[in-house]
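Subject: Model handover

Hello,

Here is the model we talked about. Please have it open while you read my notes.

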Amino acid sequence: MDPAVVCRATGGRVPSKRKGASMTVAGDQLYLFGGLLPDNKTVVSDLFVLDLNTFQWFEIPTLQDGTVPAPRYFHTANIWNDNLVIFGGRTLRQTDNSPYAFDLNDIHIFHIPSQMWVQTANLLPPSPGPFSPQARYAPVSAISGDLLYIFGGQDIHDQWFDDILVCDLTTKRWIDKRVVSVHVGRYRSVAMSSTLEVVDPGKSSNVQGDPTLHHMSFSQRRTNEEPPGVYLFNNFNGVDIQLHTNLHLFETDRGQKDGRTFHIFDRTRRMSGQRPPCLRFPTGHMVGAHLLLSGVAVNGPHYVFSMSSLNLSSMEWTRLPCDEALRDGSWHGSVVFARDNKLIVLGDRSSSMDEDYTSRAMSFDDAMLFDLESYGVYQPPEQDLESSLQELGLATLGGQHFADFQLICGDGTEISCSRTVLEQSWPWMKDRLDVLKGRPEGAAGNSRLTTSSFRLGENRDTTRALLEYFYTRSLVTPLQHSPEVRGRLLSVATSYGIPHLRDLIKHALHLALTPETAEEIARVAASAGCQSLQERARRMASQWTHYPQTVHSSMPIASNSRPITPSEPRTMGFIERSLKDRPNRASSVNSLGGSSQYSRSSQGSSQYSHSSQGSSQYSYSSQESRSRMSGVPSELTTLSEMQSSSSLKSSSSSSQVSLSAPIPPPPEQKPPPLPAYTQSETEPNKPALAPPKPSWLQRAGRSRSSLDTVHSAGSSETQATVKSKPGGSKESFKADEKKAAKAEARKKKKAKEEARLAKLAKLTGGKGSGSAMYAGIIV
């Protein structure tokens with residue numbers, strides 16, 4: 001199973017299977033309310049709570065005081081401040097003959113701190129108003145600020161409500177209603193919003209200040225004056241996903257003079273990537289700059305659980321891998337645990353999804369936890385100081401204003417700073433300085449820390465970057481974003497307990513993660529214990545195919561490693577140049593021990609394998625790739641030959657790559673002889689078809705073998721011979737090719753003339769070959 005996925009069995013008073021129940025997360029608790037029990041067709045109004053720390057279920061006792069909502073299913077549930085808000089749904093009432101169903105349009109509020117239902121009789125006006133909702137079931141809802149949005153739903157006859165209603169939860173009044181032309185309901189739609197939005201200063205045209213500073217994206221909390229927008233995702237046709245999957249954004253504007261509460265923006269045409277399949281009963285969540293969508297999808301005759309992520313910055317969809325983890329069992333609903341950044345899918349590992357989905361039954365016996373950060377989905381840290389205050393902090397540090405403390409670097413260099421700034425931004429330092437205040441001067445204590453200095457032990461760049469963080473509460477300078485300093489800062493933040501700095505650096509590493517930097521970031525994340533970041537970098541590095549993955553795993557990472565570009569072929573010349581750019585990789589090759597063997601095969605592929613005995617073997621034969629090796633003659637195929645070639649370019653011995661074990665020269669391979677031109681045996685006077693055109697390597701056979709001999713000698717005289725040897729370059733081979741083509745044309749012309757003369761001799765009764773007759777006529 002994917003290391004980013006963990007399965008937990010729930011315990012305690014586990015709820016029974018039910019249909020149409022609501023799941024909502026508040027803090028570290030999941031609230032499950034209502035539902036229809038498929039066994040006895042009973043609608044319930046019980047409230048269960050799952051502790052997301054221990055994964056134990058418990059039930060909240062029901063008080064018979066008239067405040068408990070009527071039993072219902074396919075209702076809506078949202079968190080507003082410290083309250084659980086319930087709206088609408090369908091219920092069953094028993095009559096003398098049989099139960100009958102009817103829909104609801106009421107609102108109920110559960111106060112989480114007191115664990116009590118609140119009397120909500122005054123939420124509806126005494127008489128129906130212009131914005132009062134009709135009774136409905138299976139709508140979708142979301143909360144923006146203090147406003148509750150209700151989208152669509154169906155009536156008792158399963159007819160769609162094509163409207164949007166808005167209720168102000170502070171005044172307890174319905175304040176707006178809008179008719180739309182899209183069917184929206186729980187079966188095919190989901191609405192979501194978040195109080196935290198992601199702001200990217202780099203994409204804003206209003207950014208002012210120092211242009212040399214690098215401002216990363218950050219999270220910003222929306223207020224009731226500027227409430228967050230609501231995203232509505234809809235599958236209103238399961239046949240054509242590209243045309244019938246839409247996304248709308250509802251922006252709340254409470255200052256409109258015309259009384260309109262919101263504006264609608266269609267975001268459908270902006271979406272790209274692999275869109276999610278047509279989901280049944282989808283659930284949606286907003287995490288950082290991503291919109292998460294999950295639900296049940298049809299896969300042939302079976303049902304599967306699918307998860308997708310939409311990057312709201314690039315509007316590109318990505319499928320999240322969950323097939324292996326959710327292949328077995330029955331899984332239907334999901335929630336997001338924001339504190340641990342986990343997507344939790346509830347279900348039962350021992351049940352059948354096909355059977356449960358037929359009855360729309362949900363199970364709660366097991367929980368599958370997906371680490372969202374390992375897929376690049378996370379909430380960026382919030383910004384503590386505005387940009388102007390960050391620049392002021394850098395100016396204060398640079399001018400050494402209010403400096404009364406010294407941070408001592410590893411080489412003894414002292415950097416002046418403010419002790420007050422350190423105590424406000426560094427809890428570890430404040431606790432230890434408070435201990436020193438009560439001690440007399442000269443008392444025994446930590447030799448690294450005094451009341452006026454601290455020996456950090458890091459290099460000057462890392463120490464300076466750390467102080468820049470304390471003065472700005474962010475990572476904005478080029479020094480802080482340099483790879484070496486960034487890695488050391490992550491180690492310092494982990495060792496000295498600076499969680500905000502640790503989160504900032506992880507965010508910076510996520511933004512800097514590319515296939516070229518994946519290995520280095522994975523190593524840095526592993527050393528600091530950032531497992532989610534390490535897993536994402538590891539997954540990206542394993543998918544990078546422009547350089548053999550086994551070579552990466554067997555060689556350490558060099559600080560001066562050159563990025564691998566997709567345009568470079570995976571040839572021996574590329575490996576040789578990479579080793580020259582990575583001296584510590586070359587040394588790791590030397591330290592492998594054993595013997596190295598290079599051989600040519602006929603498969604035309606390039607591969608590397610390393611055995612446990614310490615021997616390494618390269619196997620390749622792609623003539624085309626060898627001819628593309630820049631700077632290396634196409635005849636040079638072994639590493640020793642490439643060393644000889646590199647010595648022709650530079651006399652510096654430092655650029656050479658040496659191996660501890662000698663490399664035997666490859667055996668001489670003679671090209672097959674060219675097929676001779678002969679006339680047909682059955683028709684002597686008819687010329688045979690032209691022989692196949694010899695390959696360029698066959699025509700170069702003589703020069704290739706001679707070059708192998710030259711380079712096996714390895715002397716300076718023979719190296720000079722390589723430069724001056726005629727026929728040793730591709731241009732000379734092209735000239736030979738032209739000469740051979742002309743000779744071939746002359747042969748064809750002569751054969752044609754001989755055939756014509758032979759036919760003439762037969763008609764005239766002449767004897768002798770056509771060439772002899774031709775000679776006689778000439779005479």
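The protein chain has 779 residues, and 47% of them count as buried (under 20% relative accessible area; exposed is over 50%, partly exposed in between; 1.4 Å probe, protein chains only). This is a predicted model, in which local features need pLDDT of at least 70 and side-chain atom pairs count only at pLDDT 80 or more, while totals for chains, interfaces and linings use all residues. Residues are numbered from 1 along each chain as its sequence is written, and side-chain values use heavy atoms, with hydrogens and water left out.

The chain holds 20 helices and 34 strands. These are DSSP runs numbered from the N terminus (helices: H or I, at least four residues; strands: E, at least two). Of the contacts with a separation of 6 or more, 56% join residues 24 or more positions apart (contact: heavy atoms within 4.5 Å).

An open sheet of 5 strands runs in the order S2-S6-S5-S4-S3, with mixed pairing (two strands pair if DSSP finds at least two bridges between them). Its edge strands are S2 (11-12) and S3 (22-26), each pairing on one side only. S2 pairs with S6 (residues 56-60) in the parallel sense, over 2 bridges. There, glycine 11 has glutamine 56 as its bridge partner. S3 is mostly covered, with 4 of its 5 residues buried.

**Second largest pocket**

How much space lies in the second largest pocket? About 1,500 Å³. The search ran on a 1 Å grid over the protein atoms alone: a pocket is an open set of points with protein on both sides within 12 Å along at least five of seven lines, whereas a cavity is a set where a 1.4 Å probe fits but cannot get out. Points are joined across faces, edges and corners, and the volume is the space filled by probe spheres set on them. The lining has 49 residues, and Ala289, His290, Asn311, Leu312 and Ser313 lie nearest the centre (lining: an atom within 4 Å of a point). Elements giving two or more residues to this lining include S19 (245-252), S24 (302-311) and helix H8 (499-512). The lining residues divide into 20 nonpolar, 18 polar and 11 charged (nonpolar: Ala, Val, Leu, Ile, Met, Phe, Trp, Tyr, Cys and Pro; charged: Asp, Glu, Lys and Arg; polar: the others, Gly among them).

S19 is largely enclosed by the rest of the structure, because 7 of its 8 residues are buried. It pairs antiparallel with S18 (residues 230-235) over 6 bridges. Asparagine 235 stands opposite threonine 245. S19 also pairs antiparallel with S20 (residues 262-266), over 5 bridges. Phenylalanine 250 has isoleucine 264 as its partner there.

**Serine 351**

Serine 351 sits in the loop between S27 (342-348) and helix H2 (353-358). It counts as buried, at 15% relative accessibility. Its side chain makes polar contacts with the side chains of aspartate 348 (2.7 Å) and lysine 17 (3.5 Å). A polar contact is a pair of N or O atoms within 3.5 Å; within protein, one must be able to donate a hydrogen and the other to accept it, and residues adjacent in sequence count only if both atoms are side-chain atoms.

Best wishes
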